[in-house]
Amino acid sequence: MSAWRSWDRRQRIFAVLVAAVVVISVVYALNIRFLLLGQKAVTAVDDIGEALAAALAAIACGWAAGRARGRDRLGWTLMGISAGLWAAGEVVWSIYEVFLGMTVPSPSLADAGFLAAVPFAIGGIRAFWSHACL
């Protein structure tokens with residue numbers, strides 16, 4: 001009997017999602033390395049991909065916060081806010097680079113999102129520490 005047949009529905013879904021992430025990651029890396037779709041497409045895929053990854057992280061952290069209690073809920077909430085701010089910075093970066101076709105100014109609103117994300121990430125990590133570590 002194969003492993004696939006012995007797995008329940010959740011295990012199968014997880015395996016399919018892992019396989020999809022692996023395939024997407026390999027295609028993403030090959031596209032960036034070999035410029036398969038041209039430089040503009042590589043820039044668009046890179047910028048928008050980073051924004052989507054951060055947005056998905058924010059959603060996942062929000063989901064985890066909804067299932068957690070106490071300090072863990074606080075930790076996931078802060079990490080979700082951090083990921084959301086990072087995603088916002090990436091969206092602004094993408095607007096400049098992909099949609100307006102211009103070099104991102106420095107400093108810009110994108111930097112504000114990136115910098116604002118850091119204290120929330122630090123707070124989220126700190127919330128996960130147990131009292132024994134203090």
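I take the expected span of a helix as 1.5 Å times one less than its number of residues. Helices here are DSSP runs (H or I, at least four residues), numbered from the N terminus. The model is predicted: local features need pLDDT of at least 70, side-chain atom pairs count only at pLDDT 80 or more, and totals for chains, interfaces and linings use all residues. Residues are numbered from 1 along each chain as its sequence is written, and side-chain values use heavy atoms, with hydrogens and water left out.

**Helix α4.** I checked the length of α4, residues 70-99. Its 30 residues should span 44 Å, and the end C-alpha atoms are 42 Å apart, which agrees. Next I listed its buried residues (under 20% relative accessible area, 1.4 Å probe, protein chains only). They are Gly-75, Leu-78, Gly-80, Ser-82, Ala-83, Ala-87, Gly-89, Glu-90 and Ser-94. The cover over these buried residues includes α3 and α5 (109-128). Just after α4, I found Gly-101 with a positive phi of about 65°.

**Arg-9.** I placed Arg-9 in helix α2. Arg-9 counts as exposed at 66% relative accessibility, because exposed means over 50%. From Arg-9 to Ile-95 I read 86 residues in sequence and 40 Å in space, C-alpha to C-alpha.

**Nonpolar patch.** I looked up Leu-36 in the loop between α2 (9-34) and α3 (39-67). Leu-36 is exposed, with 56% relative accessible area. Leu-36 belongs to a nonpolar surface patch with Phe-14, Val-18, Val-22, Val-26, Leu-30, Phe-34 and Leu-37. Together they have about 790 Å² of accessible area (Shrake-Rupley method, 1.4 Å probe, only the protein chains shown as cover). Such patches take residues with over 30% relative accessible area and no salt bridge, nonpolar side chains being joined within 5 Å. A salt bridge is a side-chain nitrogen of Lys or Arg within 4 Å of a carboxyl oxygen of Asp or Glu.

Definitions and conventions:
Patches are made of residues with over 30% relative accessible area and no salt bridge: like charges are joined within 9 Å, nonpolar side chains (Val, Leu, Ile, Met, Phe, Trp, Tyr) within 5 Å. Helices (H or I, at least four residues) and strands (E, at least two) are DSSP runs, numbered from the N terminus. Contact means heavy atoms within 4.5 Å.
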